[in-house]
Amino acid sequence: DTKEKKIEISLGKILVIKNRQVVGVYDTELEAYNEAQKKFELGTFLIQKCLPGVESYTQTYYSRYVKA
C-alpha cells in the first residue's frame, strides 16, 4: 500500500501538517519550523515527529474546571 510505504519512509522524520495533509518532511524540528513559517502563517500548521502507533499522535488533556 502506498500510504504505508510513505509512512515507513517518514518514520523518525519531522512532519509539517496543514489542513490534515502532510506538506513537508524534514530531518529536524528547526528545519521543519523554518521552512513552514516561510510558507504558512504561524498558528496554521502543526509540527510532529512521525512515529508508529496512535499513541504518538493522541493526547488527552484534563481540566479542573467544573461548571456549576
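Is Asp27 buried or exposed? Asp27 is exposed, with a relative accessible area of 51%. Buried here means under 20% relative accessible area, exposed means over 50%, and partly exposed lies in between, using a 1.4 Å probe and protein chains only.

Some ground rules. This is a predicted model, where local features need pLDDT of at least 70, side-chain atom pairs count only at pLDDT 80 or more, and totals for chains, interfaces and linings use all residues. Residues are numbered from 1 along each chain as its sequence is written, and side-chain values use heavy atoms, leaving out hydrogens and water.

Now the layout. The protein chain has two helices and three strands. Read from the N terminus, the order is α-β-β-α-β. Helices (H or I, at least four residues) and strands (E, at least two) are DSSP runs, numbered from the N terminus. Of the 68 residues in the protein chain, 18% are buried. The protein chain exposes about 6200 Å², and carbon and sulfur atoms supply 52% of that area. Those areas come from the Shrake-Rupley method with a 1.4 Å probe; for residues, only the protein chains shown count as cover.

Next, the strands. S1 and S2 run antiparallel, joined by five bridges. Two strands pair if DSSP finds at least two bridges between them. Ile14 has Tyr26 in S2 as its bridge partner. The two strands form a hairpin with two residues between them. In that turn, Asn19 has a positive phi of about 50°.

On to the core. Which six residues make up the largest nonpolar core? They are Ile14, Val16, Tyr26, Ala32, Ala36 and Phe45. Strand S1 (14-18) and helix H2 (29-39) are the elements that give two or more residues to this core. A nonpolar core is a set of buried Ala, Val, Leu, Ile, Met, Phe, Trp, Tyr and Cys residues joined through side-chain atoms within 4.5 Å. Look at Ala36: leaving out residues up to four places away in sequence, Ala36 touches Val16 and Phe45. Contact means heavy atoms within 4.5 Å.

Phe45 also takes part in the one aromatic pair of the structure. Its partner is Phe40, and the pair is tilted, at 6.2 Å centre to centre with 50° between the planes. Rings of Phe, Tyr and Trp (its six-membered ring) pair if their centres lie within 6.5 Å; planes under 30 degrees apart count as stacked, over 60 as edge-to-face, the rest as tilted. Phe45 counts as buried at 17% relative accessibility, while Phe40 is partly exposed at 21%.

Back to helix H1 (residues 2-10), where we find Ser10. Ser10 is buried, with a relative accessible area of 12%. Leaving aside neighbours within four places in sequence, Ser10 is in contact with Leu15, Val25 and Cys50.

Last, charges. Side chains of opposite charge can pair when their charged atoms come close. A salt bridge is a side-chain nitrogen of Lys or Arg within 4 Å of a carboxyl oxygen of Asp or Glu. The count comes to two. In one, Lys13 meets Asp27 at 2.4 Å, N to O. Lys13 sits in the loop between H1 and S1, and Asp27 in the loop between strand S2 (21-26) and H2, 14 residues apart. Lys13 is partly exposed at 29%. Glu35 and Lys38 also meet in a salt bridge, at 3.2 Å, N to O. They are three residues apart in helix H2, so about one helical turn separates them. Glu35 is partly exposed at 26%, and Lys38 is exposed at 59%.
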